[in-house]
Amino acid sequence: SGLDPAQPYFQGTPTEVRLDKSDADFVDIIHTDSAPTIPNLGFGITPAIGHIDFYPNGGEQMPGCGKNPVSQIVDLDGIWEGTRDFVACNHLRSYKYYSDSIIYPNGFLGYPCASYDLFQSGKCFPCPQEGCPNMGHYADKFKGKFTEEFIKLYLNTGEARDFPLWRYKVTVTLSGKSKVKGYVNVALYGSDGNTKQHQITKGTLKPDNTYTAYIDAEVNVGKVTKVKFLWNNNWINPTFPKLGASTITVESGQNG
């Protein structure tokens with residue numbers, strides 16, 4: 001397992017001097033800091049070099065790493081770890097994701113996709129029939145399952161522990177008499193837990209229109225038992241418009 005293998009002096013070098021898929025029967029890579037070293041100070045290698053390569057959050061900028069440096073340096077983990085994390089926060093996320101992955105055998109699903117933008121727009125959803133590999137400790141369950149030369153896998157993570165997120169596609173068809181401006185939020189309830197509210201759309205809300213969003217939930221809800229639908233127009237409207245949802249469809253990325 002390569003935890004954000006180093007970029008400076010290694011990227012573009014022969015396979016003898018850097019980590020490569022020829023080094024073991026199964027090489028899995030987590031890229032967390034693969035922005036160019038100059039000008040972005042990326043410490044991690046960019047190209048796919050393993051049997052499977054995970055690019056959490058796109059592989060360059062990790063959520064939670066853009067925090068105010070003072071709050072990060074005086075961190076819960078103490079000043080030394082906080083200072084070190086501030087200097088190389090993205091780079092060090094790789095081992096934090098890995099250690100979290102040990103506790104979450106069904107978390108950190110990596111979706112095979114050509115690019116992070118395509119993944120974000122939902123083009124590579126849900127997981128293929130053979131399933132999605134788990135980034136980190138359980139990646140080797142997928143040893144030998146891919147025949148292509150290089151596999152790039154994308155996923156999103158949380159800003160802080162616990163890092164894994166579970167991806168859902170939520171489709172809402174609105175009902176009502178008149179269009180209003182505002183936003184629609186949905187929370188999922190399931191056999192294994194409930195999510196917080198996630199925004200599905202904002203702007204002009206038209207009855208009979210359908211809105212779709214891909215949400216990365218902090219909980220694997222299991223079997224969905226209930227969906228909470230909320231809308232708000234942010235201001236007091238004397239006509240008291242009413243808006244509902246005629247249908248809500250929830251699709252789990254894990255198994256479609």
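**Close-up views of the disulfides and the sheet**

**View 1. The disulfide of cysteine 127 and cysteine 132**. In this predicted model, cysteine 127 and cysteine 132 are joined by a disulfide with an S to S distance of 2.1 Å. The torsion about this S-S bond is about -115°, so the disulfide is left-handed. Cysteine 127 is buried at a relative accessible area of 11%, and cysteine 132, at 4%, likewise counts as buried, because buried means under 20% relative accessible area.

**View 2. The disulfide of cysteine 113 and cysteine 124**. The sulfur atoms of this pair lie 1.9 Å apart, and the torsion about the S-S bond of cysteine 113 and cysteine 124 is about 65°, which makes the disulfide right-handed. Cysteine 113 belongs to the loop between S4 and helix H5 (116-120), while cysteine 124 belongs to the loop between H5 and strand S5 (151-155), so the link ties together parts that are eleven residues apart in sequence. Both cysteine 113 and cysteine 124 are buried.

**View 3. The disulfide of cysteine 65 and cysteine 89**. Here the S to S distance is 2.0 Å, and the link is left-handed, with -75° about the S-S bond. The pair connects distant parts of the chain, 24 residues apart, with cysteine 65 in the loop between strand S3 (52-56) and helix H2 (69-73) and cysteine 89 in helix H4 (residues 89-103).

**View 4. The open sheet of five strands**. The strand order is S1-S2-S3-S5-S4, with mixed pairing. Strands S1 (2-3) and S4 (111-112) stand at the edges, each with a single partner strand, so one side of each has no neighbour in the sheet. S1 pairs with S2 (residues 28-30) in the parallel sense over two bridges, and leucine 3 stands opposite isoleucine 30 in S2.

Terms used. Residues are numbered from 1 along each chain as its sequence is written. This is a predicted model: local features need pLDDT of at least 70, side-chain atom pairs count only at pLDDT 80 or more; totals for chains, interfaces and linings use all residues. Side-chain values use heavy atoms; hydrogens and water are left out. Two strands pair if DSSP finds at least two bridges between them. Helices (H or I, at least four residues) and strands (E, at least two) are DSSP runs, numbered from the N terminus. A disulfide is a pair of cysteine sulfur atoms within 2.5 Å. Buried means under 20% relative accessible area, exposed over 50%, partly exposed in between (1.4 Å probe, protein chains only).
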